[in-house]
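Subject: Structure handover

Hello,

Here is the structure I promised to pass on. Please open it first, then read the notes below it.

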Amino acid sequence: MKKIYVQFYCLLFFLPVLFIQESADAASDSLIMTNSSWKYLDNGSNQGTAWSSTGFNDASWASGNAQLGYGDGDEATVVSYGPSSNNKYITTYFRKSFSVVNPSIYSSLTLGIMRDDGAVVYLNGTEVYRTNMPTTAIDYQTRAVTNINGSAESAFNYYTFNTALLVAGTNNISVEIHQFNKTSDDISFNFNLAAAQIPPPCNTPGGMNTTSITSTTATLNWNAVSGAVGYNVRYRIIGAPSWTNTSTASTSVNISPLSSSANYEWQVQTDCGSSNLSAFSASTNFSTPAPPCNTPTGMNTTSITSTTAILNWNAVSGAVGYNVRYRIIGAPSWTNTSTALTSVNISPLSSSANYEWQVQTDCGSSNLSAFSASTNFSTPAPPCNTPTGMNTTSITSTTATLNWNAVSGAVGYNVRYRIIGAPSWTNTST
């Protein structure tokens, strides 16, 4: 069995045809299906040029389904090569009519042809494509340029051209297949023809409106457009040199972050697919309000010692700083401090005390939040550390001075001494 490969092979040499690259999702109509039935002439005669015209009478020709040919064993219709296998016919002729109601709805035609060896294709009597054939004038004895072998024998070659030759009503495709030589083992022919539809107009959206406006966000809305596959949206502060762009498949989009206390404009464009875009709509305007100055949340106290603590809270959007106040619960006044951070270290504190603290957001321009509810914490009693730096001075036969380093938090010191090995201590305090 032959494997199918796709090969793109185009020669430009005769008509001013137009190449048009169609999008994969462009709507198209199949005018001639692969494996369709064709009229064919396989008697080796010279058909000149009239045979390819629309009005040519092919009633006496045989007919059969593609693939047409001989020599490979995969043909739906076997055609004749003549009485001698060493003197086969060079040219075999094929014709097929098809109907088009309105050619103006099509932007281009794309043919696909399997040919072994060479081929010339005519639409309504005018040549539109040739493949593996000389670029000069040809006749029924003209041979193909190369001998097609292997996977290329069953490959379809595709070519896109304009619709200028297409007419309303009956149209005709005529194809002549040429052998490389008279002893070639096989010929193959199959064909399809598709017409790409001109896309409908892509209309600009209407019904634009803006909802859910905050100081940093807004939702842009518009009416659906028939045929749309998506929408392109652009927005900016009025007078800004450039737009911010986004796309969506729905009829609304939430945009953020926005600047507070700013005047915005936005526009929307319909995308109908295949690079078919509408114009952008006229601008729709909206204004963002000043941001609210919210009270902080997430208060907690860490790194608590008998004299210090760290107060923490969550950042507030729009804050330029925070005001903090703290006191021993029940005290008549607060101790106040400020910071641009979301934590502050407070000291000195009283040990073994119950404290409360609150925080307020400063959003600038005298825009202050309320103070938060109180968060409480307690300081522990200070640790009572053993003295260090002991030393003895002013020693006489009957007296001595004992010395040591001061200990933070100490209110006094207890001292004991004895002759080494004595059963009891002598005690004193200072």
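**Disulfides**

Cys-293 and Cys-363 are both buried. The two are joined to each other by a disulfide, with an S to S distance of 2.0 Å. Its torsion about the S-S bond is about 95°, so this disulfide is right-handed. The pair links distant parts of the chain, 70 residues apart. Cys-293 sits in the loop between E20 and strand E21 (300-302). Cys-363 sits in the loop between strand E26 (354-362) and strand E27 (375-378).

Please keep in mind that this is a predicted model.

How many disulfides does the structure hold? There are two. The other one joins Cys-202 to Cys-272, again with S to S at 2.0 Å. This link is right-handed, with 90° about the S-S bond. Cys-202 lies in the loop between strand E13 (187-197) and E14, while Cys-272 lies in the loop between strand E19 (263-271) and strand E20 (284-287), so the pair ties together parts that are 70 residues apart in sequence. Cys-202 and Cys-272 are both buried.

Number the bonded cysteines in sequence order and the pairing reads 1-2, 3-4. A disulfide is a covalent bond between two cysteine sulfur atoms.

Is Cys-384 buried or exposed? Cys-384 has a relative accessible area of 77%. Exposed means over 50%, so Cys-384 is exposed.

**A three-stranded sheet**

Next, look at E14, E15 and E18. These three strands form an open sheet, in the order E14-E15-E18, with antiparallel pairing. Strand E14 (209-211) and strand E18 (252-255) stand at the edges. Each has a single partner strand, so one side of each is left without a neighbour in the sheet. From one strand to the next, the twist averages 25°.

E14 is joined to strand E15 (residues 218-221) by three bridges, and the two run antiparallel. Which residue of E15 is the bridge partner of Asn-209? It is Asn-221. Strands of a sheet pair through backbone hydrogen bonds.

**Strands E8 and E11**

Strand E11 (residues 156-161) is mostly covered. Five of its six residues are buried. Strand E8 (residues 106-116) pairs with E11 through six bridges, and these two run antiparallel.

**Asp-58**

Where is Asp-58? Asp-58 is in the loop between strand E3 (37-41) and strand E4 (62-65). Its relative accessibility is 16%. Buried means under 20%, so Asp-58 counts as buried. Leaving aside neighbours within four places in sequence, Asp-58 is in contact with Lys-39 and Arg-95.

**Confidence**

The mean pLDDT of the chain is 92. Of its residues, 94% reach 70 or more. Residues 1-25 call for care: pLDDT stays under 50 over this stretch. The model has 61 contacts for residues 1-25 beyond four places in sequence. Where pLDDT is low, the predicted coordinates should not be read in detail.

**Where to look**

- The disulfide of Cys-202 and Cys-272.
- The disulfide of Cys-293 and Cys-363.
- The open sheet E14-E15-E18.
- The bridges between E8 and E11.
- Asp-58, with its contacts to Lys-39 and Arg-95.

Best wishes

Technical notes
Residues are numbered from 1 along each chain as its sequence is written. This is a predicted model: local features need pLDDT of at least 70, side-chain atom pairs count only at pLDDT 80 or more; totals for chains, interfaces and linings use all residues. Side-chain values use heavy atoms; hydrogens and water are left out. Two strands pair if DSSP finds at least two bridges between them. Helices (H or I, at least four residues) and strands (E, at least two) are DSSP runs, numbered from the N terminus. Axes are lines fitted to C-alpha atoms, for helices over the stretch in contact, and angles run from 0 to 180 degrees between N-to-C directions. A disulfide is a pair of cysteine sulfur atoms within 2.5 Å. Buried means under 20% relative accessible area, exposed over 50%, partly exposed in between (1.4 Å probe, protein chains only). pLDDT is the predictor's confidence in each residue, from 0 to 100. Contact means heavy atoms within 4.5 Å.
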